[in-house]
Amino acid sequence: MALTAMDIYKQLPKTNCGDCGIPTCLAFAMKLAQGQASLDECPHVTEEATAALEGSSAPPMKTVTIGTGDNALQIGGQTVLFRHEETFHNPCGIAIQVNTSLSEEETRERITTACKTEFDRVGMMFDLDLIALNDDDGSLPQAAQLATEVSTLPLVLMSDDPGSMHGALEACGDGRPLIYAAGADNFDEMAALAKEFDCPLVIRGQNLDELYELSEKAGEAGLEDLVLDSGARELNAVLQNQTIVERAAINEKVKPMGFPTIGFTIGNNEVEKIISASELIAKYAGIVVTDLLTRNALLTMVTARLNIYTDPQKPIQVESGVYEIGEPDETSPVLITTNFSLTYYTVEADTSAGNIDAWVVVVDTEGTSVLTAWAAEDFTAETIAKTIEECGIEEKVANKIAVLPGGVAVLSGELEEASGWNIVVGPRESAGIPTFFKTEYEERIAQF
Amino acid sequence: MPLTIPKERWTAEVQTATIGATEEEGGTRTSTITIGGEQTLPFLHFEGETPNRPVIAMEVLDETPTGWPEPLARHYEDVWDDPAAWAQKAVEQFGADLICLRLVSANPDGSNASADQCAETIQSVLEAVGVPLIIWGCDNDEKDNEIMPFCSQAGSGERCVLGSATEDNYKTICASALADGHLIINQSPLDINIQKQVNILVTDMGMDLGDIIMYQVTGSLGYGVEYAYSILERTRLAALDGDKMLQMPMLSIVGSEAWRVKEAWQPEEDAPEWGPLEKRGIIWEVATATLFLHAATDILVMRHPEAVAYVRDHIDEMMSGQPV
Ligand code: B12
Ligand code: SF4
């Protein structure tokens, strides 16, 4: 529960000394309650007060870091159950499972493939996050040794055997892998390892009650970086458990549940596992572990994650203006589109794929798609004409000819009038751009 | 028990809707479909009842589709110039719960088929299959208003679903549905307030709450799914919180959205980084459908038979779960 200004005020020295930069303790308390100041700005606050205030103002779900350096992964830190209420923070990590029984060569290959896998979407690169070494033959220490040499991604070490885990943790040095997992049977040993090596630890219960008890016990043992596994291995139970843990953390502030979760793709084949991945991504998983390593499957998972974790308040945008695709010159075509990143980069990718050198005039539509912007009257003859005039495209080309997205063909007449340019209506979908330029464009502009 | 299970105290449940009418009910359907009635968010059996499973409608076009990618086309090529045969295949071989017939041929920019032709197609489909029917116009308001009364009449008494009524165009379709005893799809462009408005307008004309299905426009995975996902979720939350005018079951169009995007059809030569084409579209449709199911969709309109089979299994699994 959020603290009120009065709750905070009670814990302050009430001397109104002003050292915090704010004239009175009450005013400072009000700023704190609104999240506009932090407690350490008051140099006189007592230790007990700090403990009391930080305890109850702590975020409902801990943010946990796995690995170190540039490739470290942060998970958790969620504050809402529904993305429209705010946004989901820290996109869930995708971990590729590698069984330790694979040969050295196979292991190398799998890890390298996972580390190199990336996808270009909306102008950004998206990649995978973790390598999960699964100890299916007791050789986790050797596999961990190899992985630390090969992998650029942080590791999850999966073994129920504390001996194996100890060897693997030694091999990882200070790489801060995630330990999977402490259950009822090996709790003390695994908790001790997490402490000794200062690593985050997965708590696995056979059910929610056991998970709660073990997590509480871990908290009492002073472990702060936990990840939870409710033990469910059936898709509906996974959904229910994930929801319960997330609600307990965020709505009820149940401390032992206030950690990110880990889930596994389940199924007999690729498609079934993708279904379970989609469910986990939508329903609160902090990490999704999968043994799928095909481009198809990973593209789907990475895209689903991007969609679910996009801030619903702010569409991803590009700046309006003139962009170059390839090496356009004064005879190259001019394409018109909106500044929604998805729209712009879809057009860009399709145009480059057709090896077409072109200028792209990007109209500021507040980051909305062609039809949305048209319907909202942000992509009109006037706004497009204004952009054409102001962006400097007129000086770059010899002929005033521009291609309009097929979806807004109705604008072409008005736009010709408003801009003085000749307008060619292009295909509806930008995927048709290469064919359009190969087969129709020359003929169409011959009339001007 | 150390962990208290955090249950929401929802004050209401989703409206139920029954599609199709059997002989006793004045129609000729051999099966009917009941959807809605959820007392909780999707499949949370620990919290409330989900009395009716989400269903899968398979799409049938009333003219031969063009440009369908091969992995999809191969399943329909033998029937796609005959909507009745197509519907039959979808039901008998692919297990469609109902058929979503889209009257694309009526579009004036295309074949501009007449109202009579459309009505005939509807009759032939109703004769060919026993499952209930969704009848969707051609997305041209004027033409839809011209053909819908005839189409509605052609299915009179069958409790079909007519689509779609929008804020600016609901009167003709609503009057037709009322006259012939059908349900109606109320559509809004991803906007809860507009959705509510259409629902109010249509109920003002006399439509029962139990005869309305909401369609708030869908996007595909990678192309707008996140907006539709949240709109579905928000609408369902409002329903469970007691907003009568947002309590109807919801429909999502998955097949045509997913197969339109290039991830689903771009050949491997052009997109080697995306992996083999053979399964890509199926996976794309399946993942899109899964996200919508978990956001609270009651009717999924789908295309690829394999995708349908996978999603049906997933629904089975979700429905057979026990309260944890
Ligand atoms: C997601 C979405 C939204 C999101 C916004 C997303 C965004 N950032 O734009 C939200 C929920 C906010 C929204 C709101 C609205 N929306 Co909206 N929305 C959609 C949806 C589902 C997907 C749009 C999308 O992301 N497409 C993907 C991008 C990449 O497509 P695109 O920009 O068109 O680009 C493609 C082509 O146009 C082409 N292309 C693009 N540039 C170029 C350039 C050239 C040269 C060429 C040749 C081709 C080309 O290639 C691209 C790839 O194929 C569509 C329906 C659908 N399924 O498509 C409705 C849709 C676009 N929305 C619609 C409407 C009406 C609205 C609202 C006005 C509704 C309202 N009254 O509240 C509001 C307006 C918001 C505002 N005031 O700003 C209508 C438009 C109706 C129409 N045809 O006129 C649609 C079609 C839904 C419908 N059927 O009713 N929407
Ligand atoms: S520094 Fe501390 S004691 Fe002084 S006014 Fe600010 S809050 Fe009060």
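Trainee: Which residue of chain A forms a salt bridge with Glu47(B)?

Mentor: Glu47(B) pairs with Arg247(A), the closest N and O atoms being 2.5 Å apart, where a salt bridge is a side-chain nitrogen of Lys or Arg within 4 Å of a carboxyl oxygen of Asp or Glu. Bear in mind that this is a predicted model, in which local features need pLDDT of at least 70 and side-chain atom pairs count only at pLDDT 80 or more, while totals for chains, interfaces and linings use all residues. Residues are numbered from 1 along each chain as its sequence is written, chains are lettered from A and ligands numbered from 1 in the order in which they are written, and side-chain values use heavy atoms, with hydrogens and water left out.

Trainee: How many salt bridges across the interface of chain B and chain A?

Mentor: The rule finds 5 salt bridges there.

Trainee: And how many residues does each chain bring to the contact?

Mentor: Chain B brings 53 residues and chain A brings 50 residues, contact meaning heavy atoms within 4.5 Å.

Trainee: Switching topic, where does ligand 1 lie?

Mentor: Ligand 1 lies between chains A and B, and among the 34 residues around ligand 1, those that come nearest include Trp374(A) and Thr218(B), a residue being near if one of its heavy atoms lies within 4 Å.

Trainee: What lies 2.6 Å from an oxygen atom of ligand 1?

Mentor: That is a polar side-chain atom of Glu429(A), whereas a polar side-chain atom of Thr337(A) lies 2.8 Å from a nitrogen atom of ligand 1.

Notes
Polar contact = N/O pair within 3.5 Å; in protein donor to acceptor, adjacent residues only side chain to side chain.
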